[in-house]
Amino acid sequence: MANLKEIRGRISSISSTMQITRAMKMVSAAKLKKAQDAIVMLRPYSEKLQELIQNVNSSSDPDQVSIYAQKREVKRVLFIAVTSNRGLAGAFNSNIVKELNVQFQNNAQYEVEVLSIGKKAYDAVRKTRTVYSNESAVFDNLNFDAVANVTEAVMSSFREGKFDEVYVIYNKFVNAATQEVTAEKLLPITMAEVNAAEPQVETDYIFEPNRAEILDNLIPKSIKTQVFKAVLDSVASEHGARMTAMHKATDNAQELKNDLVIFYNKARQAAITNEILEIVSGAEALKNS
């Protein structure tokens, strides 16, 4: 059985840990608000941009398909895995790694490479998979331009035929306690399919300067926005997951501390009782001597 000094040391250690987890929870809660506002504001823009591209493309010449929409025989696949640079966020990072492993199995017949946005993804795959690039430094100064530069390199590789399909895997932010692991096809982009059985609503657009040039500008911007949205989703999810994990850790530490305090009090009371018994026994022995 541990002595009273060891128990006091454990209680002190748990109290220090609680201070750390409580502080981390408060920091994540403060950062979550900003990250949540950023993704909530970006989502309507991203969705409207994709809708606009589909509407414009639906009325374009089918022979003039954007290079980013061209489908070809799949031989090489790139996965963009978005995690965080730090841990202590529950299953936030491990869920992405699990999804990556599932995708590896589903695409075992292809050559697969990984672009990691986040140190945890890089650490998970660097010894077993081909790493196309490690872009963990994006989080040092997160902004659209930094993510757009990474995306531009991926788009260039797709244009050159280095990859036939590109997917982005990230945690989609639902709320502070819920994150959904999402795997989206980034390239080739998916255009709305026309259903011949349904009546088509004809739209009359006036294009300035012209339809092709508009699509050539909108499609790359949409792809970059999609990746930026995935990164912002992941950032908000990270703070939500870490806040939840630290809240649970603080509660668990409090329960453990309470149990140790009770155990300490019982052990202390037993020690005091033993000392009293020893004193009484000594006094009785003196009387009888």
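How many helices and strands does the protein have? The protein has 5 helices and 5 strands, where helices (H or I, at least four residues) and strands (E, at least two) are DSSP runs numbered from the N terminus. This is a predicted model, in which local features need pLDDT of at least 70 and side-chain atom pairs count only at pLDDT 80 or more, while totals for chains, interfaces and linings use all residues. Residues are numbered from 1 along each chain as its sequence is written, and side-chain values use heavy atoms, with hydrogens and water left out.

Read along the sequence, the elements follow the pattern α-β-α-β-α-β-α-β-β-α. Of the 289 residues in the protein, 37% are buried, a term that stands for under 20% relative accessible area, with exposed meaning over 50% and partly exposed in between (1.4 Å probe, protein chains only). Among contacts (heavy atoms within 4.5 Å) between residues at least 6 apart in sequence, 77% join residues at least 24 apart.

At the start of α4, a side-chain oxygen of Asn143 comes to within 3.2 Å of the backbone nitrogen of Asp145, and just after the helix Gly161 takes a positive phi of about 85 degrees. The buried residues of α4 include Val147, Val150, Thr151, Val154 and Phe158. An α-helix has 3.6 residues a turn, so residues three or four places apart point the same way. The buried residues of α4 pack against the strands β1 (76-82), β2 (111-117), β3 (130-134), β4 (165-175) and β5 (178-187), and also against α5.

Helix α5 holds Gln226, which counts as buried because its relative accessible area is 10%. Leaving aside residues up to four places away in sequence, Gln226 touches Gln50, Glu184, Lys185 and Leu186. With Glu184, the side chain of Gln226 makes a side-chain to side-chain polar contact of 3.1 Å, that is, a pair of N or O atoms within 3.5 Å of which, within protein, one must be able to donate a hydrogen and the other to accept it, residues adjacent in sequence counting only if both atoms are side-chain atoms. Gln226 also lies 9.5 Å from Thr151, C-alpha to C-alpha, although 75 residues separate the two in sequence. Asp251 is likewise in α5, but it is partly exposed, at 35% relative accessibility; its C-alpha is 8.5 Å from that of Met18, 233 residues away in sequence.
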